[in-house]
Amino acid sequence: FFSYTKGARDNVRTICIDMYSPYIELIRSCFPNAEIITDRFHVIQLISRSLNRTRIKVMKEHPKMQNKLKKYWKLILKSNDDLDTENHRRFKCFNYHMTEAQVVSELLRIDSELESTYWYYQEFLRNFRKRNIERCKELIHNPNKDLSETMLTTIKTFKEQEKYIVNSMRYSYSNGVIEGTNNLIKVLKRIAFGYRSYDNFRNRILLV
């Protein structure tokens with residue numbers, strides 16, 4: 001980055017990054033006038049992983065409920081507003097017809113810590129997507145005491161990077177397109193396993 005002139009670097013206004021803290025120090029030294037934006041994808045990814053790890057912990061503590069918690073993990077991570085509350089159908093591991101919302105409700109009854117963590121996740125996600133900055137700040141600084149340890153660790157990270165997370169709600173910038181392209185290249189890399197020619201491998205990526 002220092003190959004660019006100081007004037008050019010001073011003109012950079014915003015930089016969108018993931019939550020890797022060494023990047024922040026790099027940006028401050030190279031681009032002193034830039035506003036740092038935490039990419040929204042990584043905020044959602046981190047809090048989703050925390051809820052998922054909580055679910056796995058509960059699975060280990062309740063072996064009899066393991067199948068249910070394992071099979072319907074996607075419903076637990078799904079936005080509560082998007083859960084089907086009307087159509088009853090057969091779900092494996094349950095003895096009667098239920099809606100998606102009823103399945104999640106049954107799963108949350110297994111463990112109070114999972115339930116508290118789930119509702120915190122849903123509340124934060126809802127307000128983050130609506131860009132309700134004040135409510136998100138409140139959730140970061142005043143979490144419930146009965147949340148899982150992994151979620152509390154995530155909240156601690158959110159506190160440390162609060163300014164940059166707030167910027168992600170103030171600005172419309174996102175690394176979503178770049179992240180998608182990077183993921184596609186990784187998929188192609190797995191598909192192209194065995195290419196001996198780097199040029200052929202590179203050309204295949206560029207063609208796709």
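**Entry 1: getting started**

I call a residue buried under 20% relative accessible area, exposed over 50%, and partly exposed in between. With that in hand I looked up K57, whose 36% relative accessibility makes it partly exposed. I remind myself that this is a predicted model.

**Entry 2: the partner of K57**

Which residue forms a salt bridge with K57? I found E61, with the closest N and O atoms 3.0 Å apart. Both residues sit in helix α3, four residues apart, and so about one helical turn separates them.

The idea behind them is simple: side chains of opposite charge can pair when their charged atoms come close.

I picked R126 and D81, whose closest N and O atoms are 3.1 Å apart. This pair links distant parts of the chain, as R126 belongs to helix α7 and D81 to the loop between α5 and α6, 45 residues apart. R126 is partly exposed at 24%, whereas D81 is exposed at 53%.

Next I turned to E123 and R135, which meet in a salt bridge at 3.0 Å, N to O. E123 is in helix α7 and R135 in helix α8, so the pair ties together parts twelve residues apart in sequence. I noted E123 as partly exposed at 22%, and R135 as partly exposed at 25%. Salt bridges with shared partners join D81, E123, R126, R135 and E138 into one network.

**Entry 3: α7 beside α9**

I stayed with α7 and looked at its packing. Two packed helices are described by the angle between their axes and the distance between the axes. For α7 and helix α9 (residues 149-160), the axes come within 11 Å and cross at roughly 30°. Angles under 35 degrees count as roughly parallel, and therefore α7 and α9 are roughly parallel to each other.

Which residues meet here? From α7 I listed T117, Y120, Y121 and F124, and from α9 M151, I155 and F158. Of the residues in this contact, six are nonpolar, one is polar and none is charged.

**Entry 4: α10 under cover**

Is helix α10 (residues 162-170) mostly covered or mostly open? I found it mostly covered, with seven of its nine residues buried. Those buried are E162, Y164, I165, V166, N167, S168 and M169. The cover includes α2 (21-30), β2 (35-38), α3 (40-61), α7, α8 and α9.

**Entry 5: cysteines**

I looked for disulfides and the count came to zero. A disulfide is a covalent bond between the sulfur atoms of two cysteines. C16 itself is buried, at 17% relative accessibility.

**Entry 6: positive phi values**

Last, I checked backbone angles. C93 has a phi near 80°, positive although the residue is not glycine. I located C93 in the loop between α5 (73-77) and α6 (100-108), partly exposed at 36%. R131, also not a glycine, has a positive phi of about 60°. R131 sits in the loop between α7 (112-129) and α8 (133-141), and its 34% relative accessibility counts as partly exposed.

Note on methods: Residues numbered from 1 in each chain as written. Predicted model: local features only at pLDDT ≥ 70, side-chain atom pairs only at ≥ 80, totals over all residues. Heavy atoms only, no water. Helix = DSSP H or I, 4+ residues; strand = E, 2+ residues; numbered from the N terminus. Buried < 20%, exposed > 50% of the residue type's maximum accessible area, 1.4 Å probe, protein only. Axes fitted to C-alpha atoms, helices over the stretch in contact; angles between N-to-C directions. Parallel < 35°, antiparallel > 145°, perpendicular 65-115°, else oblique. Contact = heavy atoms within 4.5 Å. Nonpolar A, V, L, I, M, F, W, Y, C, P; charged D, E, K, R; others polar. Disulfide = S-S within 2.5 Å. Salt bridge = Lys/Arg side-chain N within 4 Å of Asp/Glu carboxyl O.
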